[in-house]
Amino acid sequence: MTSFYDALETRSSAEREAAFMAALPQQVAHAQQASSAFAEILAGVDAQAVTSREALAHLPVTRKTQLAERQQAERERDVFGGFASIGFGAAMPRVFSSPGPLYEPEGQRRDYWRMARALYAAGFRAGELVHNCFSYHFVPAGSMMESGAHALGCTVFPGGTGQTEQQVQAMADLKPAAYAGTPSFLKIIVERAQEMGVALPSLKKAMLSAEALPPSLRDWFGERGIAAYQSYGTADLGLIAYETSAREGLVLDEGVIVEIVRPGTGDPVPEGEVGELVVTTLNPDYPLIRFGTGDLSAVLPGQCPTGRTNTRIKGWMGRADQTTKVRGMFVHPGQIAAVTRRFPQVQRARLVVSGEMANDQMVLHVETTETAAGFAQQVQEALREVTKLRGEVQMVAPGSLPNDGKVIEDARSYK
């Protein structure tokens, strides 16, 4: 049994870079021709001259906030803001919505999100059953893992989120070899199974994403016979990087060109310096060129001990902006503003996210003199409607919040 998904993983760095730089001008030209957004963003760019990372670094970075703004501005004409090169119909079997809202297309190619490579590195193999607890509702996470598992020849149980006792029962009956989902929900399932007196001996491996996986929690899974691996991707780009058995950072996927730039700029940083991940995808259906993820990371020196030759990154190291992830969902400063705009009584607001892994808590602190009964409940309901997450509301006196410009404060512990 091979240790690698395909030969791309072990090609020389020079061979990989030559292939990337041969594909890059074609992708830039395709984006200019097939995407009205990039026709404007890259106006005047000679695509055939973009044959090096130096030339790529001169192109503008398009960040998620700009994507959202274009989608909002052009919603009546093109719900994708002019970024997608395909439209509704056979070429686009599904469309998803992430918080923002942001709409993402899914093309018809096998393993569209390229997750099979990450699952293979985590030990998933043909003929196995995967219990998929990523959401199938609105967001593409469930489809990402399912399509990757299908590409490997796995069967998938679409568990989705919630209904913990039913998840335990299904695992006991179906005996899956693997789990895909957030680390916090797997921990909840395993603990609930223990409380129910139900053994889950078949579950030996897990592909975890959408949340941080601290070493303490990885060890906790290992003590219970589950080898846990991480992958890093986004709803816009698909897989970006994945963990291997070496447990030394994340190896970049073979379908993306990744740069790490100084936050707020498009300037690449020296190897090892922390910066924002900027990704150019080779996906023709959604040809994002220099897409700023807003996530921080850094390049690790050397190659992966497993023999994979692609660049490694340290993994997710925080956000370049105040956007944060709560229970697997992004919360944006603009969403907090959308909540407060509904209530003229609110002068300022600050969302504080606290707690430990698998126990995220959101509290929206609002400066107001409003004392009417039920006001806090109204704000709480608006918070849930806008963010799709439950949170508490605490009213504070005007002028009591720190004057530091923060709208979202991540005060969680990742020990």
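Predicted model: local features only at pLDDT ≥ 70, side-chain atom pairs only at ≥ 80, totals over all residues.
View 1. Skip the neighbours within four places in sequence, and the contacts of Ser97 are Leu102, Tyr103, Glu104, Phe138 and Val139.

View 2. Look at the step from Gly100 to Pro101: the peptide bond here is cis, and omega is near -10°. Pro101 belongs to the loop that joins β2 to β3 (102-106). For context, most peptide bonds are trans.

**View 3. Two residues with positive phi.** Most residues other than glycine have a negative phi. Asp111 is no glycine, yet its phi is positive, at about 55°. You'll find Asp111 in the loop between β3 and α5 (116-121), and with 12% relative accessibility it counts as buried. Arg247 is another non-glycine residue with a positive phi, near 60°. Its loop runs between β9 (238-243) and β10 (250-252). Is Arg247 buried or partly exposed? A relative accessible area of 32% makes Arg247 partly exposed.

**View 4. Helices α7 and α8 packed against each other.** Helix α7 takes in residues 164-174 and helix α8 residues 183-196; their axes are 9 Å apart and the packing angle is about 75°. Angles of 65 to 115 degrees count as roughly perpendicular, so that is the label for α7 and α8. On the α7 side, the contact is made by Thr164, Glu165, Gln167, Val168 and Met171. Facing them from α8 are Phe185, Ile188, Ile189, Arg192, Ala193 and Met196. Sorted by class, this contact has seven nonpolar, two polar and two charged residues.

**View 5. Aromatic pairs, edge-to-face.** Searching the whole structure turns up seven aromatic pairs. One of them joins Phe80 and Phe88, edge-to-face, with 6.0 Å from centre to centre and 70° between the planes. The two partners have these accessibilities: Phe80 is buried at 4% relative accessibility, whereas Phe88 is exposed at 65%. Phe343 and Phe375 also pair up; their ring centres are 5.6 Å apart and their planes sit at 85°, so this pair is edge-to-face too. How many residues apart in sequence are the parts that this pair ties together? The answer is 32: Phe343 is in the loop between α10 (333-340) and β18 (348-354), and Phe375 is in helix α11 (residues 375-387). Both Phe343 and Phe375 are buried.

**View 6. An aromatic cluster and two charges over rings.** Phe96, Tyr112 and Trp113 are linked into a cluster by ring pairs. Next come the arginines. Arg125 has its charged end over the ring of Tyr120, 3.5 Å from the ring centre. Arg224 does likewise with Trp220, its charged end sitting over the ring at 3.7 Å from the centre.

**View 7. Ala149 in helix α6.** Ala149 is part of helix α6 (residues 141-152). Its relative accessible area is 1%, so Ala149 is buried. Which residues does Ala149 contact, leaving aside neighbours within four places in sequence? They are Leu119, Val130, Cys154 and Val156. Gly266 is 117 residues away from Ala149 in sequence, and the C-alpha to C-alpha distance between the two is 35 Å.

**View 8. Leu208 in strand β7.** Strand β7 spans residues 205-208, and Leu208 lies in it. With a relative accessible area of 2%, Leu208 is buried. Neighbours within four places in sequence aside, its contacts include Tyr179, Gly181, Thr182, Pro183 and Leu186. Also in contact with Leu208 are Leu213, Phe221, Ala228, Tyr229, Gln230 and Ser231. Ala22 lies 186 residues from Leu208 along the chain, and their C-alpha atoms are separated by 33 Å.

**View 9. Met329 in strand β17.** Met329 is in strand β17, made up of residues 329-331. A relative accessible area of 21% puts Met329 in the partly exposed class, since buried means under 20%. Not counting residues up to four places away in sequence, Met329 touches Pro99, Thr324, Lys388 and Leu389. Glu211 is 118 residues from Met329 along the chain, while 8.9 Å separates their C-alpha atoms.

Note on methods
Residues numbered from 1 in each chain as written. Heavy atoms only, no water. Axes fitted to C-alpha atoms, helices over the stretch in contact; angles between N-to-C directions. Helix = DSSP H or I, 4+ residues; strand = E, 2+ residues; numbered from the N terminus. Parallel < 35°, antiparallel > 145°, perpendicular 65-115°, else oblique. Contact = heavy atoms within 4.5 Å. Nonpolar A, V, L, I, M, F, W, Y, C, P; charged D, E, K, R; others polar. Phe/Tyr/Trp six-rings, centres within 6.5 Å; stacked < 30°, edge-to-face > 60°. Buried < 20%, exposed > 50% of the residue type's maximum accessible area, 1.4 Å probe, protein only. Lys NZ or Arg CZ within 6 Å of the ring centre and 35° of its normal.
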